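Please read the following account alongside the sequence and the 3D structure.

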Amino acid sequence: MLNYKKYPAAWAACLLAVFSLSAYSIRSAYIISKSTPATITPVYSDFDESQVPSLSHRLVMPEKAKIVKYTVKSGDTVESISKAYSVNVSTIAESNGISKDSSLKEGQTLTFSSVDGIVYKVKDGETLWDISQAYSIELASITSASGINPSDTLSIGQELIIPGADKLKAVKTNNDVKSSGTVKVASRSSLMGILPVKGHLTSGYGRREDGFHKGIDLCAPTGSSVYASMDGKVTFSGWDNGGYGYLIIINHGNGYQTYYGHNSKLLVKAGQSVSKGQVIAAVGMTGDASAPHCHFEVRKNGTPVNPLSYVR
Ligand SMILES: [Zn+2]
């Protein structure tokens with residue numbers, strides 16, 4: 001479920017992609033009414049994914065920045081280095097946990113971003129989403145500046161660039177896996193799935209203006225493939241009145257289930273076994289959705305957990 005008030009840029013990018021796509025791919029589109037649990041009709045005929053424009057180019061984002069490792073020379077000060085690299089004093093000071101007046105030792109290494117911002121070292125249990133929330137910055141700005149993909153698995157100690165940030169901030173993890181104390185970001189779980197849609201993460205798991213978001217939203221044009229995140233057995237495939245629209249639920253055993261909402265087309269039936277990566281549905285905007293996307297949830301013993309802790 002996509003909150004366009006909170007994520008205007010992502011929403012606009014979705015719309016752009018959808019409009020440009022409709023020019024050549026949606027030949028036989030049907031609109032499925034939100035309230036009618038009618039027979040499911042195909043929403044597209046020959047959909048060519050290679051024709052979809054890359055959304056990342058449509059969001060205004062900083063260029064990929066570099067992480068500078070600078071060896072202090074005699075006579076250097078934080079200020080003189082910041083001038084030499086045309087960055088703010090805080091860009092150097094905050095990233096290295098020093099003040100702008102700290103005296104530097106010859107041979108000391110300073111790590112900082114080549115654009116104004118902070119170099120942030122990922123800690124145990126943190127996700128990209130947690131970090132973007134702490135810095136109140138679009139997740140896409142971090143991935144773009146750092147040259148990584150939103151679906152990449154972070155490793156502990158990995159250095160990310162938070163463009164525009166001028167203070168190091170505490171990151172709150174919203175991660176049920178972490179609270180078990182045994183599982184880490186880098187090697188989280190043997191239960192590892194894949195993201196069900198090749199699209200942009202437009203909304204993460206956790207608290208949102210409009211309430212608690214129980215899953216993540218992956219934006220992709222109507223008709224894009226939705227893949228089973230892990231091996232399992234389909235326990236539900238049909239219409240959901242609670243807002244999910246055409247929904248698929250897969251049971252993976254050990255108390256784990258995954259949910260795939262807002263589909264335009266369902267391609268598997270309840271009782272069917274599916275394997276990881278199998279196409280199970282087509283992206284749509286049925287139910288409570290204002291743009292085509294897949295709402296993806298992972299539940300453990302019925303309770304939603306952060307999907308980004310279970311996919312790579
Ligand atoms: Zn959602």
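Buried residues make up 49% of the 312 residues in the protein chain; buried means under 20% relative accessible area, exposed over 50%, and partly exposed in between, with a 1.4 Å probe and protein chains only. The model is predicted, and local features need pLDDT of at least 70, side-chain atom pairs count only at pLDDT 80 or more, and totals for chains, interfaces and linings use all residues. Residues are numbered from 1 along each chain as its sequence is written, and side-chain values use heavy atoms, with hydrogens and water left out.

The protein chain exposes about 14,500 Å², of which carbon and sulfur atoms supply 50%; accessible areas come from the Shrake-Rupley method with a 1.4 Å probe, and for residues only the protein chains shown count as cover. Of the contacts (heavy atoms within 4.5 Å) between residues at least 6 apart in sequence, 67% join residues at least 24 apart.

The chain has six helices and 17 strands. Both are DSSP runs numbered from the N terminus: helices are H or I with at least four residues, strands E with at least two. Two strands pair if DSSP finds at least two bridges between them. S13 and S15 (residues 279–282) pair in the antiparallel sense over two bridges, and lysine 265 stands opposite alanine 282 in S15.

The loop between S15 and strand S16 (293–300) holds threonine 286. Threonine 286 counts as buried because its relative accessibility is 5%. Its side chain reaches the backbone nitrogen of tyrosine 246 at 3.0 Å.

Histidine 213 lies in strand S7 (residues 211–213). With 3% relative accessibility, histidine 213 also counts as buried. The side chain of histidine 213 reaches the backbone oxygen of glycine 215 at 2.8 Å.

Where does glutamate 94 lie? Glutamate 94 is in helix H3 (residues 89–95). At 23% relative accessibility, glutamate 94 counts as partly exposed. Apart from neighbours within four places in sequence, glutamate 94 is in contact with Ile118, Asp166, Lys167 and Leu168. The side chain of glutamate 94 reaches the backbone nitrogen of leucine 168 at 2.7 Å. Glutamate 94 and valine 119 are 25 residues apart in sequence and 8.3 Å apart in space, C-alpha to C-alpha.

How values were computed:
A polar contact is a pair of N or O atoms within 3.5 Å; within protein, one must be able to donate a hydrogen and the other to accept it, and residues adjacent in sequence count only if both atoms are side-chain atoms.
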